[in-house]
Amino acid sequence: MFHIYCPYCEEHREEEEFHAKGQAHIARPPAPDDCSDREWGEFLYFRDNPRGLHHELWVHAAGCRKFFNITRDTQTYEIRETYKIGDQPAVSTNPDQ
Amino acid sequence: MQKYSGFGLLKHALSHHENWQRVWRNPTPRTHYDVIIIGGGGHGLATAYYLAKEHGITNVAVIEKGYLGGGNTARNTTIVRSNYLWDEAAHLYEHALKLWEGLSQDLNYNVMFSQRGVLNLGHTLQDMRDIQRRVNANRLNGIDGEVLDAKQVQEIVPIMDCSANRRYPVMGASWQPRGGVARHDAVAWGFARAADRLGVDLIQQCEVVDIQVEDGAATAVVTKQHGTIKAGRIGCVVAGNSSVLAQMAGFRLPLESHPLQALVSEPIKPVLDTVVMSNHVHGYISQADKGDLVIGAGIDGYNGYGQRGSYPTIEHTVQAIVELFPIFSRVRMNRQWGGIVDTCPDACPIISDTPVENLFFNCGWGTGGFKATPGSGHVFAATLAKGEAHELAKPFSMYRFYDGALIDEHGAAGVAH
Ligand SMILES: Cc1cc2nc3c(=O)[nH]c(=O)nc-3n(C[C@H](O)[C@H](O)[C@H](O)COP(=O)(O)OP(=O)(O)OC[C@H]3O[C@@H](n4cnc5c(N)ncnc54)[C@H](O)[C@@H]3O)c2cc1C
Ligand SMILES: [Zn+2]
């Protein structure tokens with residue numbers, strides 16, 4: 001069971017109050033009509049899905065209902081940080097950094 | 001290889017069963033294979049078997065990081081059926097079901113395939129309309145199916161609470177009599193033994209850590225335990241780890257890996273002789289020959305490679321089961337575990353060439369690939385042998401996520417199974 005710190009509520013709450021929404025920081029192409037099929041398909045469907053550190057989008061569905069980000073290890077399940085939408089992660093998923 | 005038979009059993013009894021042959025060899029890998037299959041689950045082993053049997057390609061290795069069948073193959077709830085909505089998926093799963101029907105004979109190994117029928121329950125008017133549509137589509141595709149009302153369902157499963165005043169009343173079901181269950185690890189062992197007999201090397205405890213790509217073509221796998229092994233073609237069949245392997249070769253897949261869990265009860269006397277699944281309240285249950293109730297849960301919403309499931313998910317599932325079967329409220333659960341399933345956006349698999357030449361992927365089966373094991377191996381073997389997709393596999397190219405030709409099976413695959 002995760003205990004997740006919501007950066008808006010500024011409290012730890014139980015996993016069941018939250019929903020995971022997949023990979024974070026996926027920018028919508030500014031001009032969808034100009035995208036190739038490949039670019040649009042990559043945006044819609046293709047994901048990093050790493051075994052290890054992952055920046056992901058969550059929503060505090062049964063709480064403040066705000067979206068925020070988590071950096072989490074998908075193998076150990078350790079939550080390294082949570083941060084607000086629009087902020088950048090402090091923990092890098094790139095092991096070289 | 002020793003052929004298994006009733007007579008053989010008798011003969012071995014005379015020597016106190018001490019002279020049985022090893023079921024497969026434990027070879028040291030060669031330096032080069034025509035085809036390397038990464039992943040020794042049911043799908044990988046079936047692929048190797050059909051490569052040897054149907055295409056005469058026997059210089060083949062299956063490379064498995066753990067033990068054969070130790071992935072999702074031996075972690076699943078073993079439901080087999082083919083009542084999918086769309087033609088492409090229906091044909092693929094029905095191809096598999098036909099192979100299941102002769103599999104024990106073909107492999108000379110009892111996979112305990114038991115066609116005890118599968119019920120998919122409907123609890124709302126919309127459920128029933130969807131069921132009607134799906135059963136009609138199935139019948140047009142030559143797949144057996146019937147729409148049952150609540151009374152008929154009650155006759156098949158007397159212990160289920162089908163009363164009209166439940167929170168989610170059972171209004172009816174689809175019924176596929178040819179569906180059922182099979183013994184999962186026997187499927188892995190049966191394919192392994194039959195592939196080994198045809199000359200396939202099964203290399204266990206050997207983890208692929210890199211895929212070598214030269215001029216856009218895959219040439220070898222790098223393993224932790226046995227160094228570099230060259231290959232003419234590589235077939236990657238690693239379920240929840242597919243994205244990890246794709247990353248080694250330098251591309252991404254439209255997949256997310258999620259934990260999916262199951263649990264079994266203590267053994268009890270026979271009470272349930274069919275398979276019951278419900279999309280709406282989300283649960284599925286059958287009873288193993290040993291007597292355990294086999295119950296499957298949903299996936300955890302987050303990505304995970306932890307091979308364990310979350311507590312709220314299992315609680316939700318058990319609630320649904322007890323609502324349907326109040327008689328099970330006092331049954332004690334014995335074991336619980338998780339597998340990592342590779343979910344695809346349209347709930348259909350990927351059987352495909354990739355941006356890297358000579359490298360093929362068979363993945364994305366997500367929560368429901370056990371039922372496809374023989375069919376998946378059969379079409380993937382043809383794909384690897386010829387270097388181009390088998391007719392039934394063509395619609396399942398990874399490039400459908402670029403051109404938009406998705407095969408949306410979220411209805412037929414709505415419950416994780
Ligand atoms: C709890 C649960 C219930 C399910 N219930 C059903 C059901 O009722 N009906 C149904 O049809 N399906 C069901 N499924 C889905 C089904 O189990 C899978 O779709 C199917 O078994 C996948 O088979 P596979 O051979 O592709 O994968 P696996 O059996 O997972 O095999 C992949 C193998 O690849 C190996 N591997 C991974 N990485 C590497 C590497 N780097 N090097 C070497 N080897 C590697 C793994 O160790 C593993 O053995 C369920 C799954 C789960 C988890
Ligand atoms: Zn909050």
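Q: Before we start, what counts as a salt bridge here?
A: A salt bridge is a side-chain nitrogen of Lys or Arg within 4 Å of a carboxyl oxygen of Asp or Glu. Keep in mind that we're looking at a predicted model.

Q: Okay, so which residue does Arg252(B) pair up with that way?
A: Arg252(B) makes a salt bridge with Glu42(A), and their closest N and O atoms are 3.3 Å apart.

Q: Where do those two sit?
A: Arg252(B) is in the loop between helix 8 (242-249) and strand 12 of chain B, while Glu42(A) is in helix 1 of chain A, so the pair joins two chains.

Q: Is Arg252(B) buried, exposed or partly exposed?
A: Arg252(B) counts as partly exposed, since its relative accessibility is 30%.

Q: Which residue of chain A does Glu42(A) bridge to?
A: That's Arg38(A): its side chain meets the one of Glu42(A) in a salt bridge, at 3.8 Å from N to O.

Q: And how far apart are Arg38(A) and Glu42(A) in the helix?
A: They are four residues apart in helix 1 (residues 37-45) of chain A, so about one helical turn separates them.

Q: How many salt bridges are there over all chains?
A: The structure holds 25 of them over all chains. Some are linked up: Glu94(B), Lys98(B), Glu101(B), Asp144(B) and Arg178(B) form a network of salt bridges.

Q: What about Glu266(B), which residue is its partner?
A: Glu266(B) bridges to Arg332(B), with the closest N and O atoms 3.3 Å apart. This pair links distant parts of the chain, 66 residues apart. Glu266(B) is in the loop between strand 12 and strand 13 (275-278) of chain B, and Arg332(B) is in the loop between helix 9 (311-324) and strand 16 of chain B.

Q: Are those two buried or exposed?
A: Glu266(B) is partly exposed, with a relative accessible area of 21%. Arg332(B) is at 59% relative accessibility, so it counts as exposed.

Q: New topic: the ligand. How many residues surround ligand 1?
A: There are 38 residues around ligand 1, and the closest are Glu64(B), Asn72(B), Thr73(B), Thr77(B) and Lys371(B).

Q: What are they like by class?
A: The shell has 14 nonpolar, 19 polar and five charged residues.

Q: Which backbone atoms come up against ligand 1?
A: A backbone N or O atom of His43(B) is 3.0 Å from an oxygen atom of ligand 1. For Lys65(B), a backbone N or O atom lies 3.1 Å from a nitrogen atom of the ligand. Then there's Gly368(B), with a polar backbone atom 3.2 Å from an oxygen atom of ligand 1.

Q: How much of ligand 1 does the protein cover?
A: On its own, ligand 1 has 1000 Å² of accessible area, and the protein covers 97% of that.

Q: Which elements give two or more residues to that shell?
A: In chain B, they are helix 2 (42-55), strand 12 (256-265) and strand 16 (333-343). Strand 12 of chain B gives the largest share, three residues.

Q: Where does ligand 1 lie relative to the domains of chain B?
A: Domain 1 and domain 2 of chain B both give residues to the shell around ligand 1, so the ligand lies between them.

Q: Last one: what's up with Asn362(B)?
A: Asn362(B) lies in strand 18 (residues 359-363) of chain B. With a relative accessible area of 1%, Asn362(B) is buried. Its side chain makes a polar contact of 2.9 Å with the side chain of Ser376(B).

Terms used: Residues are numbered from 1 along each chain as its sequence is written. Chains are lettered from A and ligands numbered from 1 in the order in which they are written. This is a predicted model: local features need pLDDT of at least 70, side-chain atom pairs count only at pLDDT 80 or more; totals for chains, interfaces and linings use all residues. Side-chain values use heavy atoms; hydrogens and water are left out. A residue is near a molecule or strand if one of its heavy atoms lies within 4 Å of it. A polar contact is a pair of N or O atoms within 3.5 Å; within protein, one must be able to donate a hydrogen and the other to accept it, and residues adjacent in sequence count only if both atoms are side-chain atoms. Accessible areas come from the Shrake-Rupley method with a 1.4 Å probe; for residues, only the protein chains shown count as cover. Ala, Val, Leu, Ile, Met, Phe, Trp, Tyr, Cys and Pro count as nonpolar, Asp, Glu, Lys and Arg as charged, and the others, Gly among them, as polar. Domain bounds come from an automatic or database domain assignment. Buried means under 20% relative accessible area, exposed over 50%, partly exposed in between (1.4 Å probe, protein chains only).
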